[in-house]
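Visitor: Hi, I've got a new model open and could use a quick tour. Can you walk me through it?

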Amino acid sequence: MSDAGADPAHRDLQRRTKVVLGAFVVVANVVGAAVVLALAGWVLPTRSLVTDVDGAVAANVALFAAYLAVAVVVGVVWGIAWNRVPRPPDEPATVARRLRHRRAARRVVLRVPTRLAVVQAVPWLLAVPLFAGTNAVYSLRLAVVVACVVALGGLATVAVAYRLSELALRREVARVLAHEPPSGYRLSGVGVRSVGGWVLGTGVPALGVALVAATSLLVPEQYTVRSLGLAVLVLALIALVVGFGLNALTAASIAGPVVAVRRALGRVEDGDLDVTVAVTDATELGLLQAGFNTMAGGLRERDRIRALFGRHVGEDVARAAMEGELELGGEVREIAVLFVDLVGSTRMALDRPPQEVVEVLNTFFAEVVDAVEAHHGWINKFEGDAALAVFGTPGELPDPAGCALAAARDLAARLDALDEIAAGIGVSAGPAVAGNIGDARRYEYTVIGDPVNEAARLTDLAKSVPGCVAASGAALARAHEQERARWQVVGLQQLRGRHEETEYSAPTERLVACEPCEPDATGPGVGTGQDLAAQA
């Protein structure tokens with residue numbers, strides 16, 4: 001049953017767990033025996049109920065020692081045998097048979113504390129009439145008192161055994177609940193555990209004090225001042241020791257799962273979403289642990305979707321989409337546009353295998369993304385062998401034109417360092433409509449306006465000028481003076497599809513740090529989607 005390759009839910013209780021359970025059975029019976037001896041020897045007036053005190057004491061001590069030894073052995077053997085997980089089905093086994101066995105194993109493990117409590121209760125229940133009959137020979141009243149004392153000892157044994165077995169089985173419970181968390185509350189919930197711990201550990205000794213006091217009032221000759229004080233002292237010690245032990249076990253069984261969830265929440269707060277909590281309880285505490293795992297799984301899925309979404313539409317657009325309600329429509333924004341188009345891509349597609357073409361394109365686009373993001377731009381769209389980047393939307397930039405021009409110089413320097421990759425880079429700036437365009441069922445964030453078209457035309461022009469970078473006069477006019485000083489006017493050119501000549505410029509130097517390109521932390525975010533940038 002300890003096959004390492006088997007489904008963990010199919011395994012029997014581990015040998016270590018069985019040893020711990022056996023030790024706890026012994027501990028529980030010792031506690032019960034101590035309660036019986038304390039009550040019979042110092043609390044209840046048993047000596048005054050019988051004439052042959054020595055004979056009664058000898059008979060009870062001998063019977064109690066022998067019966068306790070037998071009860072412990074029977075409890076350990078019976079408890080382990082009764083709680084054995086059934087053997088898994090032989091291979092090959094159907095899914096239905098495996099499921100039935102998994103649920104059977106789950107039932108066995110979850111019922112171990114209750115079964116052990118029953119196993120401990122049976123010998124003590126049998127001991128009640130046995131000791132009552134033995135003491136009836138000496139005194140009927142003594143038989144009744146001893147029967148009550150044995151019953152209280154059995155109650156203490158059962159309570160301690162149940163609590164200890166719950167602690168010993170946490171790993172086993174986590175194993176069988178790993179595939180199927182608890183679906184509802186079990187009998188021993190938090191409320192029952194708390195009340196039960198108080199009743200058994202504090203309520204019963206307090207009731208004993210009340211009974212002793214009532215007896216001393218109703219039958220004063222049963223107790224002397226010394227015996228009454230001794231009885232109250234013993235009951236108080238039982239309340240302190242047994243009560244503390246039971247309440248400590250109850251607190252541990254409740255606090256353990258809660259502390260585990262709290263620590264896991266701390267890791268989530270620190271950004272670690274790859275955290276799970278072992279479901280070690282079948283009560284509402286187990287539901288809490290399973291609920292945390294469900295929550296963490298949902299956060300991981302949300303984070304994965306957000307990351308995937310951000311890769312498609314850009315992190316700024318994805319963040320704005322998840323933080324606000326999106327609506328169709330747009331607004332006029334002052335933006336800058338950088339358009340980049342690979343040179344010779346058509347010929348490359350004819351001369352090279354597809355895998356090599358894709359590798360070249362990915363290398364090219366990686367440089368584009370790095371340059372644009374370094375200057376706080378947003379990749380609006382990849383279109384074949386071209387890319388469109390926007391500056392100034394969806395978030396505000398204090399100098400979108402300057403950042404776009406700096407990104408163009410940066411990108412040109414990056415592409416110069418690559419072998420066999422060249423591209424035309426065009427930059428323009430001006431007012432454009434930015435917003436969500438489409439239908440309520442399918443829309444995308446886009447910028448529409450003359451800067452987009454002008455940047456695309458300048459890209460064609462840039463392929464034929466030294467440096468392969470061309471910027472419009474509108475972009476230079478809107479840029480920060482420090483960035484504008486790094487460019488010079490080259491001339492005028494009538495771009496395709498336009499009626500008037502366009503002034504264009506080229507950089508006098510390549511990569512230089514772009515001081516003005518700092519995003520505005522208070523700038524608004526807008527919409528989501530990708531740009532509809534059209535190349536007319």
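This is a predicted model: local features need pLDDT of at least 70, side-chain atom pairs count only at pLDDT 80 or more; totals for chains, interfaces and linings use all residues.

Visitor: What is the peptide bond from T393 to P394, cis or trans?

Guide: That bond is cis, with omega near 5°. For background, most peptide bonds are trans.

Visitor: OK, backbone angles then. What's the phi of H376 like, positive or negative?

Guide: H376 has a positive phi, about 65°, although it is not a glycine. In general, most residues other than glycine have a negative phi.

Visitor: Where is H376?

Guide: Look in the loop between helix 12 (354-374) and strand 2 (378-383).

Visitor: And is H376 buried or exposed, or partly exposed?

Guide: H376 counts as partly exposed because its relative accessibility is 29%, and the buried class stops under 20%.

Visitor: I also flagged C468. What is its phi?

Guide: Phi of C468 is near 60°, again a positive value in a residue other than glycine. You'll find C468 in the loop between helix 14 (450-462) and strand 6 (469-472).

Visitor: Let's zoom out. How many helices and strands does the protein have?

Guide: There are 16 helices and 8 strands. The protein has 536 residues, and 45% of them count as buried. Its exposed surface comes to about 26,800 Å², with carbon and sulfur atoms supplying 61% of that.

Visitor: Which strand holds F339, and is F339 buried or exposed?

Guide: F339 lies in strand 1 (residues 329-342). It is buried, with a relative accessible area of 3%.

Visitor: Now the helices. How do helix 1 and helix 2 cross?

Guide: The axes of helix 1 (residues 15-43) and helix 2 come within 10 Å and cross at roughly 150°. That makes helix 1 roughly antiparallel to helix 2, and the crossing is right-handed.

Visitor: Which residues meet there?

Guide: On the helix 1 side they include L21, V25, V26 and A33, and on the helix 2 side they include F64, L68, V72 and I80. By class, this contact has 10 nonpolar, 3 polar and 1 charged residues.

Visitor: And how do helix 1 and helix 8 cross?

Guide: The axes of helix 1 and helix 8 (residues 225-269) come within 9 Å and cross at roughly 165°, so these helices are roughly antiparallel to each other. This crossing is left-handed. The contact divides into 12 nonpolar, 1 polar and no charged residues.

Visitor: Last one. How do helix 2 and helix 4 cross?

Guide: The axes of helix 2 (residues 53-82) and helix 4 (residues 112-136) come within 9 Å and cross at roughly 160°. That makes helix 2 roughly antiparallel to helix 4. By class, their contact has 18 nonpolar, 6 polar and 1 charged residues.

Visitor: Which hand does that crossing have, left or right?

Guide: The crossing of helix 2 and helix 4 is right-handed.

Conventions: Residues are numbered from 1 along each chain as its sequence is written. Side-chain values use heavy atoms; hydrogens and water are left out. Axes are lines fitted to C-alpha atoms, for helices over the stretch in contact, and angles run from 0 to 180 degrees between N-to-C directions. Helices (H or I, at least four residues) and strands (E, at least two) are DSSP runs, numbered from the N terminus. Angles under 35 degrees count as roughly parallel, over 145 as roughly antiparallel, 65 to 115 as roughly perpendicular and the rest as oblique. A crossing is left-handed if the near helix is turned anticlockwise from the far one by less than a right angle, and right-handed if clockwise. Ala, Val, Leu, Ile, Met, Phe, Trp, Tyr, Cys and Pro count as nonpolar, Asp, Glu, Lys and Arg as charged, and the others, Gly among them, as polar. Buried means under 20% relative accessible area, exposed over 50%, partly exposed in between (1.4 Å probe, protein chains only). Accessible areas come from the Shrake-Rupley method with a 1.4 Å probe; for residues, only the protein chains shown count as cover. Contact means heavy atoms within 4.5 Å.
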